[in-house]
Amino acid sequence: MKRIDFWRLDWIFLATALTIIGLGLPFLRSSASSGDFTRQIVWLAIGLTTMAFFVLADYHYWIRFAYWIFGAALLLLLVVLRAPAINNAHSYLRLGPIGMQPAEFFKLALIMALARHLGKRENQHMLQGLIIPFLLTLFPLYLIMRQPDLGTALTIPPILFATLWMSGARFSHLGSAILLGSALAWPMWEYGMQPYQKNRIYAFLNPERFESAEAYQLLMSLSAIGASGVFGQGLGNGVITELDLLPEKHNDFIFGVVAEEGGFAAAGAMLLLFLVLTLIGFHISANAPDRFGRLLAAGISAIIGWQAILNIYVVTGLFPTTGVTLPLVSYGGSSLVVTCAMIGIVLNVSQSGPTLDKMENPDKI
Amino acid sequence: MLRLRAGITSLLFSLLFAGGLLRLADLQINRSAELAAFRENRLTQVEQKAPRRGRILDAAGTILAEDRPTQDVWLIPAFAERVNRRRAIVSNLFPVGTEQILLLSRLRGEESRFEKNLALTGMIEANPLVSELSARLKIDKPAVAEKILTAAISGNPASNEDLLQPRPVFEDIDFALALEIRAALANPFGNSLWRPISIRTGRRRHYPAGELAGHLTGTTGKLTGEEYEELRGHWDGEEAVPGRGFIRKQDRIFFSIFDRDGVPSDEELILRLKKIKRSGGLIKTQSYLANEMVGRGGLEQYYNQSLRGRHKLQGLRLVREPGSGRRRFLPSGGAEAAINGLDIRLSLRLDVQRRATSILERHIGEIAKRPELAASNWRRSGIAIMMNPQNGRVYALVSLPSYDPNTFSRDFNLLRDEPDNPLLDRAIAGIYPPGSVMKPLVALAALSEEAIMPGQRFLCDKVLMLGGARFTCLGRHGEQDVESALMHSCNIFFYHTGEALGGRLLYEWYARVGLGRRTGVDLANEARGILPRNAYTRRGWATGNTYHLAIGQGMAVTPMQVAVFYSALANAAGGIMRVVHPHLLIPPITPAESGAEEDLANEALDLDQPVSEMLVDGEALASVRQGMWQAVQGNLETGESGSGRQASFPLPGGEFLLELGGKTGTAEWSRNVGGSVVKQISHVWFAAFAPFDRPEIVVIVMLPEAGGGGGGTCAPIVKDLIRMWFNLPELPDAMNAGSEALG
């Protein structure tokens, strides 16, 4: 294993990630129960340790085990469907005192597997080169939707598209795939969606008229966010927290708490930090020494950026309510640890020097 | 190439993030104020609670109207939060099948409200709670279901929180039953059936005097939805309302229900709607509550603003209960204390009212036995007014038939359809031709205007011909002067007098004593009567019309208007005649404690002041009053008796136990029956004041369509009323043995 070069480590990327975590903590403190907050601090410690591990561990070393990791994650996705349902979804796996969401780990496993697969081949500009990556993604995606967990499912495709794109797939191919996916939306709606999921979309389209809990929550959280203005209500003073308006307030709706209690100042800052994190991620990807590193950084930046966008859009009413966590900020151990690991990997990629890897040919893409 | 691809991806993400940032800026900067208002609106409510309504007391402090505690059944449509309104009603509260819920959701569409309610009622009827309530309250199931449904779907349909607000369903249930339900509710192991139900103590208006003062007190009723909308539109943003009797759109309908005896003109109706009463004694008003009890008729309506007080305002805020974590509206922020309604004390003396009513009823009972009335489906109605002529304080105001305000709302349909029309307060809202009771005023006018000279005589030959038309008198009275003409109630004399005076002056004098306009008595729905304006303008006016007007025909008055101008004739002293303001309100016994009470007391004192004063010729007045004396006591020199002798209190030897002045009235009227004019049985009047020298009471008795002449039918009633008032002993009736005289 190579020694890491601390001088070339992207410190700004690390600082941005840590700032996001630090900015989110007070709002988590105000909205989550003290027990949950303490648990989250423990998870954060585990997450930072994981991050450190991945910063130190050269990705060239563990990329060999990518398929094994992917296989294990896939197995967990199969196992979790047999697990007892929590909140009507089979998404949670409980092992003694520790609970985990296999889908969160799967995200990272998929990025690793795709990087490994695409890193070795250079036929992504042809259609047959796309078959295996799509299969690798779509089968687990189906399993996740079976849980059902639409939110997590929505976060997966950008990994595929970002890695394919950064490994040289044609725009026309990817564009057609996106169009095809959109065309599948209708049968999905008709046969694949649960009634509560449909309700959320109705509520999103017509909040004033739709008499549902979802619409009520949306209206209340939107007005709470809007009413708080530039500097917010102050920590712990928001009605979202005070009235327990949103069931997932410390989880999927943590950004609503940030926006209400911290105002536009805090919410805007957090949004910009995520943008910075994403852009640096792609910058690292573009400057990676080899295809593995490039694809790892691309997939990770894409999923972190995409989740942040999706979450912010849901909370501000630009997208129907879907359970997407805000990376590094939302309550939840699996998500936090996995995201920390991702940050660590990108940092490791950032300090890798140019290599003479045979597989790498910068001129040919 | 690689950098380009990374750049494109970065640009794409930057655009998506920019979208989020713009949205945040739009919500938190651009629309911040609007959304803050929306949020406040959702988070806060104002609870309003009506205070105790003021009592109505008679002069002695006897209670005529007061609030009494009741036990009411309230319903909470939903316990669970975040539930769909209709689903909550049906599934949460009343377990029913899925099919019916589906039906419901279909019905939420465009179908008529009727169908919707029908479907729901059917469903709710099957519920065990409904059967239970139905059995205990002894109301049939569909009615119970309908009540529950109405209560459950009322309120703000957009708010789910609203479903947690209890609302009344059944009011004033049996106390024992209320205790039973309270016990069932308190039992933690009891039947969960009662969960949506709670028992609250409410208030209900009680009228101990019942029918006796029904027309005076009026009653109370809930503001209807339409009235509420209208009032809200009207009074919003205003501090004080200029009128205290509140004016309703339905006045028009109400009026037509009420006024069967007289037909009001269109102008009358319009003015009625625009009527603005004097302010004062007002608690600064505020918006009405949706279900507020307001006065309906009588004093309850007239003094509604004073009686209703000011309701409590309490700011509520949506909070989470510390224990259960349930969201509910709890008091927070400012509260404005309730101010109980003001008590209204009346000049009315309930004992006098009671005895006057029984005297009137007794006489009506006897009169009804007359053959011509027994045949004619007589309404057995009658009016008696006893009033202080000096200041207009009303001691008794009887209008038969009456109604019981305690059961008014229950019996409304019955009362409305009753042919006797008990809802009409005939004393102030019934309008009738006055007939001969006008004659003293005509005489006074003619003498004052020097249209006739003192001592002037006209010959009564029973008939007066005017261009081929016959104007008749009741008898051949011969040469008549003012006194004897009043004594005999000679028509011919007044035809001549009226002609000498002229239609215009006649109209002016009538108008000056308040005819053709409201007396201003503090009771709702007063009528104005009809005074033909053509007498003044002379358009289409002939001498024959003047003849009629001079004997009180061709016009219509309320008995209260007659009481006012007889008060003026009675109280005239030193050449000044005062047109009093008839009223019931008098200052309270206890000193005023608040500004509003002081205002009310001042208003009561103000009401004692006359509306206007008139200068009259002392000699003319003396001669008219002499005529009114003779109309009762007769002419002692000639031995002739007057038309109202049955009201006199003769003692042997030409002395009188009590001397009074009075005048009979017998007003003929006709009805158009199938194209031909058919003469109806006369309205009969007797108006008197006593004692003659220093009058302390004016008594008006009027029996619509009773016939028999004012002297024969009404004078004995007036006599009994005056005897009752002055506590006079019963004497052998030597003078009344003679033949029945007509007025």
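View 1. In chain A, 74% of the contacts between residues at least 6 apart in sequence join residues at least 24 apart; a contact here means two C-beta atoms, placed from the backbone, within 7 Å. This is a predicted model, where local features need pLDDT of at least 70, side-chain atom pairs count only at pLDDT 80 or more, and totals for chains, interfaces and linings use all residues. Residues are numbered from 1 along each chain as its sequence is written, while chains are lettered from A and ligands numbered from 1 in the order in which they are written. Chain A has 16 helices and two strands; these are DSSP runs numbered from the N terminus, with helices (H or I) of at least four residues and strands (E) of at least two. Of its 365 residues, 50% count as buried, which takes 20 or more other C-beta atoms within 10 Å of a residue's own.

**View 2. An open sheet in chain B.** Five strands line up as S12-S11-S26-S25-S22, with antiparallel pairing; strands pair if DSSP finds at least two bridges between them. The twist averages 5° from one strand to the next, using lines fitted to C-alpha atoms (for helices, over the stretch in contact) and angles from 0 to 180 degrees between N-to-C directions. Look for the seven bridges between S22(B) and S25(B), residues 683-690. Here B:Gly661 stands opposite B:Phe689.

View 3. H28(B), residues 710-726, lies across S11, S22, S25 and S26 of chain B, at about 35° to S25(B).

**View 4. The nonpolar cores.** A core is a set of buried Ala, Val, Leu, Ile, Met, Phe, Trp, Tyr and Cys residues joined through C-beta atoms within 7 Å. The largest one has 142 residues, and B:Met386, B:Leu506, B:Ala688 and B:Val718 have the most contacts inside it. H25(B) gives the most to this core, nine residues. Beyond its neighbours within four places in sequence, B:Val718 is in contact with residues including B:Phe686, B:Ala688 and B:Val701. Another core, of 111 residues, lies apart and includes A:Leu93 and A:Leu141.

**View 5. Where chains A and B meet.** Chain B puts 35 residues into the contact and chain A 42. On the chain B side, H1(B) brings the largest share, 18 residues.

How values were computed:
Buried ≥ 20, exposed ≤ 12 C-beta atoms within 10 Å, placed from the backbone.
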